[in-house]
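Subject: Structure handover

Hello,

Here is the structure I promised you. Please open it and keep it in view while you read my notes.

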Amino acid sequence: MANPFVDFSSVTLAYDEASGNAIEDVTLSLHEKEFIAIVGPSGCGKSTFMKLASGLRSPTSGTLLAEGRKISGPLKIVGMAFQNATLLPWRTTLDNVLLPLEIVQPYRANYKRDREQYRQRGMDLLKTVGLQGYEDKFPWQLSGGMQQRASICRALVHEPKLLLLDEPFASLDAFTREELWCVLRDLWAMKQFTVVLVTHELREAVFLADTVYVMSARPGRIMVKRDVDLARPRDIEVTYTDHFIRIVHELHAHIGRIRKP
Amino acid sequence: MAAKKKRIDTWAPWMALSAMIAIWQLVCTAFDISDFIFPGPWAIAQSLFQYWGPIQGHALQTFWTTMAGFSIGIAVGLLLGFLIGSSRFMYNALYPLMIGFNAIPKAAFVPILVVWFGVGTLPAILTAFLICFFPIVVNVATGLATLEPELEDVLRALGASRLDVLRKVGLPRSLPYFFASLKVSITLAFVGTVLSETVASNNGIGYLMMSAGSQMRMPLVFAGLIVISAMAMVMYELFAVLERRTTGWATRGMDTQF
């Protein structure tokens, strides 16, 4: 097996003394091109996990390595998308997607010179997710699903190696959600980055991921690691097969046990 | 049908104004109210026409004084607003002081300013500035402080510095708040100027009103009042238009008319 890309080793984080540990003793290895999902009850520390993985926070104890080196600050190889698309309303969709390129080096330094190239890259990404023709529209002119698609494009424009998604489809209706699952699945297959998907929706986790981790309630610990042995590429139809439903059911039972006091 | 409705909408305020003037004149004539107490619109109009020369001179004086005070107010307001809105520490340190300062009636400042700077234009400019900068500070600070944490996370994870986030997101986001505060601020600035001119100046509409009042020339006093009101309204509308032009995205095409 290739060397772990991101390696959590007994990582614990407490935001401050008073509130106690948000997550505790988390040991987890992420390999390149892997797609993992983290599910768990509300407040179990999933967002904390994201903050650690992106380098926004340092662990209180334990070791956290990225590409073999200790994480000392925000990793520039990361792209993030959240439940709220949070696109900037004064920028067009395309300008929103290009925002990371104005910040991350080396793109930032070459911005004036490579402007056209970047615009083309942004437009290509938008085309991949089906937003062709909406480049010059403003965020309020797009539906919720479209905004999320743009948000994911923004997370990918600087070619990150790691994509962190924090319940990105939670505020969308069921059909749009399934559509975006397929969009994400195809993007991942094409660009081959690593994904950490945090979600409440078990079907989403099992459909998309190679491995699903179940976290306990606060302080969050990894309770279960379930490898999803469904063949790829996966069609939406697979979500109605017995095997799929069995896996979801299993995870559901695990979470049910965690939620009971 | 829609065009007719729009025309009615545009004419509505003018109709209301005409109605008010008509009723005003009617009341004054019917009850034979003396000009010394409550002049009617006709008497005021006559006064405006008769003294147009001096009124114009004083009006310009008030206008430029107000603009000067307002400009200082914008500069200081932006600076302080930026400082307070961008740093938790600064917010905690300065905000209570600002509120305390703002609670002081600015009329109380005028005698102090006169002692320091003498009578005339300078205390008027400073009074205008002191009254008008606070709303700008508050609005800019609010605009900056309401930055969504998730957005900040997205940018920080890319390696953006605090300044980057403020520049790319904080400031543009504050613009609607800033322009909204300008509308309020300009009218306050006029108040400040006139206040100072009333007690400590030989120039300006404030002085004109004070002087005319002491000579019992009430129509002239009211004329002065109307001139200030007209100036303030024009400036208010100017900033309202500016706001709509530059921050259309904030109201998403809705029609905010206040």
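In which loop of chain A does P233(A) lie? P233(A) is in the loop between β10 (222-227) and α7 (242-259) of chain A. Helices (H or I, at least four residues) and strands (E, at least two) are DSSP runs, numbered from the N terminus. The bond between R232(A) and P233(A) is a cis peptide, with omega about -5°.

Some ground rules. This is a predicted model: local features need pLDDT of at least 70, side-chain atom pairs count only at pLDDT 80 or more, and totals for chains, interfaces and linings use all residues. Residues are numbered from 1 along each chain as its sequence is written, while chains are lettered from A and ligands numbered from 1 in the order in which they are written.

Confidence

The predictor gives the complex an ipTM of 0.73 and a pTM of 0.76. Chain B has an average pLDDT (the predictor's confidence in each residue, from 0 to 100) of 86, and 96% of its residues score at least 70. Residues 253-258 of chain B fall below 50. Beyond near neighbours in sequence, that stretch has two contacts in the model. A contact means C-beta atoms, placed from the backbone, within 7 Å. Where pLDDT is low, the predicted coordinates should not be read in detail.

Sheets of chain A

Two strands pair if DSSP finds at least two bridges between them. One open sheet has four strands in the order β2-β1-β4-β5 (chain A), paired antiparallel. Its edges are β2 (21-30) and β5 (69-70) of chain A, each pairing on one side only. Six bridges join β1 (residues 6-14) of chain A to β2(A). L13(A) stands opposite I23(A) in β2(A).

Another open sheet has six strands, β6-β7-β8-β3-β9-β10 (chain A), with mixed pairing. Why is one side of β6 (78-81) and of β10 of chain A left without a neighbour in the sheet? Each stands at an edge and has a single partner strand. Inside this sheet, β7(A) and β8 (residues 194-199) of chain A pair in the parallel sense over five bridges. L164(A) stands opposite V196(A) in β8(A).

Helix α1 (residues 46-54) of chain A lies across β1, β2 and β4 (61-66) of chain A, at about 125° to β1(A). α1(A) also lies across β3 (35-39), β6, β7, β8 and β9 (211-215) of chain A, at about 160° to β7(A). Axes are lines fitted to C-alpha atoms, for helices over the stretch in contact; angles run from 0 to 180 degrees between N-to-C directions.

A helix of chain B

Helix α4 (residues 88-103) of chain B has 16 residues and should span 22 Å at 1.5 Å a residue. The expected span is 1.5 Å times one less than the number of residues. Its end C-alpha atoms are 23 Å apart, which agrees. α4(B) has a kink of about 35° at L94(B), shortly before the proline P96(B). The bend is the angle between axes fitted to the seven residues ending there and the seven starting there. How many of the 16 residues of α4(B) are buried? The count is zero. Buried means 20 or more other C-beta atoms within 10 Å of the residue's own, exposed 12 or fewer, partly exposed in between; C-beta atoms are placed from the backbone.

Best wishes
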